[in-house]
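I opened this notebook to record what I looked up in one structure. The entries follow in the order in which I made them.

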Amino acid sequence: MGDVAITLGRWHRAGVGSWQGVCIVSGTITRASGNVKRTEIAFHPNLSPSFPSLLPVSILFDHTFHFGQKETKVTKVTKGCSCHRRLVSLSEQTHRLQPEPCELTSKELFCRCWSPTMESLKNHGLCVMHRNDFAKRCATFRSIAVIVCLAIIVEGAQAADLAKAQRLAERGQYEDALQEATTALEGNIYYDRWHVLKAEMELTLGRWTEARATLEEGLRKHKNSIRLRWLAREAFRRTDDPEAVDRMQAEILKEAEAAPWRYSDAENRVVLGQAALILGFDPKDVLETLFEPARKAAGGSKSPPRAMGQLALDKHDFKLAAATFREALERFPDDADFHYGLAAAIRSSNSEESAEHLQLALDANPRHIPSLLLISDRQVDAENYGEARKTLASVLEINSAHDEAHAYLSAIAHLQNETEAECTHREAALASWSKNPLVDFVIGRELSQKYRFREGLAAQRRALEFDETYLPAKKQAAQDLLRLGEVDEGWRLAGEVHSADEYDVAAYNLVTLRDEMSQFTTLEDEMFILRMDAHEARVYGQRVLDLLHRARQHLCEKYGLELTEPVTVEIFPDPADFEVRTFGMPGIPGFLGVCFGKVITANSPASQGANPSSWEAVLWHEFCHVVTLQLTRNRMPRWLSEGISVYEERLADSRWGQSMTPRWREKILSGDMTPISELSSAFLDAESGEDVQFAYFESSLVVEYVVDNYGFDALKAVLSDLAVGMPINESLPRHTAEIATLEEGFIDFARQKADALAPGVDWSTPDLAGILSEDDSEPLLREWVADHPGNLRGLSIFADVLIANERWDEAKHMLRRLIELAPKYIAGDNAYVKLAALQRKQGDTDAEVQTLESLATHDANTTDAFLRLIELAKEREDWESLTRNALRLIGVNPLTSHPHAALVIAAEQGDDHTSAVTAYQSLLDLSPNDPASIHFGLARHLSATGDDEQAKRHVLQALEDAPRYRDAQRLLLTLTSIDSTPSETDEPLSPEPESRDTE
């Protein structure tokens with residue numbers, strides 16, 4: 001037989017360290033004898049395709065090939081120069097040459113790096129050719145080897161220059177990086193990296209036409225490059241050529257299908273993944289099959305973690321995004337993209353750390369556009385529009401055509417009623433890509449964040465006119481509709497987004513919430529639509545409606561608003577559901593309620609743990625937002641909106657709303673207040689929850705100052721100005737005074753309020769540890785207190801020492817002194833609580849009641865005091881006190897039986913059958929220990945109100961639980977018109993809930 005050459009087929013993954021690829025092995029087939037020298041080029045995928053090199057490899061084929069038809073060939077290969085790999089060639093012989101077995105000899109080969117296959121290669125079986133054909137092929141391969149060697153020498157030197165240019169780009173020196181790429185492309189470049197870099201810089205700088213030319217030139221030289229095609233999509237978009245965009249997308253798929261092994265390096269896998277996402281592939285599949293393998297295979301590449309993190313951000317999977325960017329920062333601690341990604345991922349959950357990473361991103365790259373845009377977004381949230389404009393101007397200095405920067409500026413202009421500027425910036429944003437849905441999506445999103453939901457919805461609908469499949473706009477439109485109370489269409493759109501993209505966490509949360517809310521009970525009248533958990537609705541739903549009607553009557557009349565549509569109120573027992581409904585995502589704590597204009601969302605007492613806040617105060621506060629937002633058409637700064645609501649809380653009930661505290665007194669007197677003109681920023685820039693609460697309090701003081709000094713009509717006039725789009729800092733001087741004068745007067749007003757907080761108190765916090773460490777500290781403290789009779793901390797510590805030493809009378813005297821000095825100081829284990837505990841210990845019930853009632857007049861949330869007062873009122877048969885404190889407790893926590901049981905007793909004592917029915921009905925839904933008695937009591941009072949049918953139903957339920965319940969039996973006889981006159985032998989009338997027989 002003459003010499004022949006063999007082309008072995010694909011590499012096959014054969015365990016850890018194995019790899020796939022195409023290996024062309026040329027050589028000679030002999031019979032059992034003969035030595036043949038062999039040389040050829042094979043393709044070795046384990047080296048980076050960015051830096052081609054030749055690597056000598058010794059390969060020993062230790063299995064004999066049998067050229068029988070349809071036989072499988074397996075060959076082991078050992079690479080002797082560096083590491084060991086296993087080659088398994090699975091192919092079938094389709095050309096029968098001769099039946100004798102042949103043995104392949106050892107040979108020396110060269111391996112040139114190339115890409116491993118991404119999927120199984122087809123039609124690469126074992127093929128055979130005669131010697132003449134083999135000689136021609138060898139000559140060709142030898143020529144290729146020479147060319148490759150020369151290319152390596154040139155490009156090995158240029159690789160260092162490419163790294164230098166990439167570092168320039170990462171530091172924000174885009175023009176310098178562009179110049180490096182332009183210079184490099186003047187030479188003969190073998191691979192596409194320089195074209196990629198040049199086009200990226202031109203796109204970053206907004207040079208759309210130049211980028212397109214660069215990419216078209218690159219594709220003429222690198223016809224198989226999908227990276228160039230991916231960038232070309234963007235360049236064609238920016239030159240308004242949608243047909244070319246579609247063509248590039250199709251060519252990416254065509255190239256990948258034709259030669260998938262060519263695109264298996266990290267960079268190309270990322271491109272394929274991004275292309276797959278556009279085609280609607282499951283994002284999780286893209287993560288698992290393309291991005292994650294690329295990250296593992298090329299740990300030194302930034303592209304895979306960048307793509308993975310951005311995908312998680314886009315899908316609102318902030319936990320995965322944060323984890324991805326944190327891991328990437330361990331390898332690349334100075335990368336601006338990764339710092340920005342982490343800042344975006346934790347923006348809602350940890351604003352302080354987010355700001356730190358934004359700063360680190362700008363330290364690494366002062367011209368990092370995504371970070372600058374995120375900063376501007378924060379500034380818009382804080383209503384710091386001047387600073388936002390400056391930040392966006394820095395973006396436009398880099399790229400004067402940047403669509404997102406112009407979209408932000410258009411939104412800011414809209415918010416400030418600058419119609420011409422709004423149109424100008426929107427036109428600039430759409431100048432290069434006339435149907436770019438991102439532009440109106442950003443505009444609408446920013447408007448919605450400022451509660452302009454109707455205007456934001458209109459912008460999203462414009463975006464969807466450009467591209468009806470643009471899911472970010474559809475999802476934002478769904479949320480806008482839900483916040484406008486148009487729930488049917490809102491839920492429908494949310495469902496469409498989830499159906500199109502099951503990975504989007506926000507859309508998933510919305511449709512899950514929709515399903516959960518379908519189990520809610522709806523209580524509805526002409527003014528309100530109340531949606532609540534069914535159990536909670538039965539317990540206190542009517543009380544919620546009653547409170548809302550009182551708030552509507554008072555606040556609408558006071559501010560001159562006529563409601564034309566019902567207000568929707570939704571109360572959530574699960575705080576995560578409240579957060580999803582309110583913010584679109586869970587994990588945003590710190591809010592008890594939110595108002596969108598005609599929709600209110602609130603946490604129920606069940607969601608607030610052991611120390612709930614007054615739901616009545618929350619709903620009063622939020623309904624005040626309904627009034628002011630509708631009066632101003634949602635065009636009011638946050639500080640004024642919150643300030644009016646807190647102010648109205650305090651007017652409605654002195655125990656509601658924020659009040660002066662020692663800590664806030666200190667902040668005011670130290671000058672640590674935000675100027676009125678910047679007050680909205682205090683909510684965003686707060687470093688702690690206490691700072692947020694102080695922002696609420698300071699805002700309410702500004703409102704109080706305006707009303708006290710310029711009249712309530714001045715406040716209403718400001719609201720009217722805002723309704724027509726006038727900025728707050730223009731309106732206030734029209735009806736009060738110039739901003740500088742207003743600021744000065746307010747500071748004096750706030751200081752007076754601070755000084756008025758317990759003026760006889762010394763609020764300093766002395767260090768008394770030395771005295772307390774003494775064995776007999778009491779006399780030393782007594783002496784210290786005598787010298788500092790007004791120091792609240794010292795007096796409180798001394799009272800504790802007296803209690804510990806069982807000096808009851810002296811301790812009570814000291815606690816009364818504390819209450820006299822600071823009657824509104826109710827923080828923690830305050831003097832009221834300690835004094836009441838001593839009075840209870842000594843059996844002084846009258847004094848205990850007086851102390852607890854004093855506390856209850858200052859604190860709306862002191863549930864322990866309310867419970868104790870209920871207990872004492874029952875003992876003292878003080879029905880007025882019993883009703884008062886039961887209602888106080890219901891106003892905080894209606895989901896416990898104590899206040900409803902107390903109201904039953906008070907109602908029965910006063911023959912108030914209607915109130916008794918309400919209280920009994922609530923008790924039934926709180927899992928009573930004795931349901932028979934509850935059903936019987938409810939039946940009695942229903943009968944007294946004339947509702948015999950319902951009374952009969954409940955008395956039967958009582959008898960079902962306690963068949964021998966004689967009072968229930970007699971009531972049933974009465975209800976069925978049967979004589980039930982008791983005989984002398986009748987047993988006492990008492991329930992027997994333990995008797996369950998049915999005789």
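Predicted model: local features only at pLDDT ≥ 70, side-chain atom pairs only at ≥ 80, totals over all residues.

I looked up Asp240 and found it partly exposed, because its relative accessibility is 36% and the classes are buried under 20% relative accessible area, exposed over 50% and partly exposed in between (1.4 Å probe, protein chains only). Asp240 has a positive phi of about 55° although it is not a glycine. I located Asp240 in the loop between helix 5 (226–238) and helix 6 (242–258). Helices (H or I, at least four residues) and strands (E, at least two) are DSSP runs, numbered from the N terminus. Glu383, also not a glycine, has a positive phi of about 60°. Its loop runs between helix 13 (369–381) and helix 14 (385–398). Glu383 counts as buried, because its relative accessible area is 18%.

Residues are numbered from 1 along each chain as its sequence is written, and side-chain values use heavy atoms, with hydrogens and water left out.

I recorded 44 helices and 12 strands in the protein. Buried residues make up 53% of its 999 residues. Taking contact as heavy atoms within 4.5 Å, I noted that 61% of contacts between residues at least 6 apart in sequence join residues at least 24 apart.

The rings of Phe332 and Phe338 form a tilted pair, because their centres are 6.0 Å apart and their planes stand at 35°. Phe332 is buried at 16% relative accessibility, and Phe338 is buried at 0%. I also classed Phe694 and Phe697 as tilted, because their planes stand at 50°, with ring centres 6.5 Å apart. Both lie in helix 28 (residues 689–710), three residues apart, about one turn of the helix. Phe694 is buried at 5% relative accessible area, and Phe697 is buried at 2%. Ring pairs also link Tyr705, Tyr710, Phe746 and Phe749 into a cluster.

The criterion is NZ of Lys or CZ of Arg within 6 Å of the ring centre and within 35 degrees of the ring normal. I found Lys667 over the face of Phe694, at 5.0 Å from the ring centre. The charged end of Arg238 sits over the ring of Trp208, 5.1 Å from its centre.

What do the buried residues of helix 42 pack against? I found that they pack against helix 40 (897–909), helix 41 (913–924), helix 43 (948–961) and helix 44 (966–975). Among these buried residues are Ile934, His935, Phe936 and His941. Just after helix 42, Gly946 takes a positive phi of about 95°.

I noted Leu530 in strand 9 as the bridge partner of Leu523.

How values were computed: Phe/Tyr/Trp six-rings, centres within 6.5 Å; stacked < 30°, edge-to-face > 60°. Pairing = 2+ DSSP bridges.
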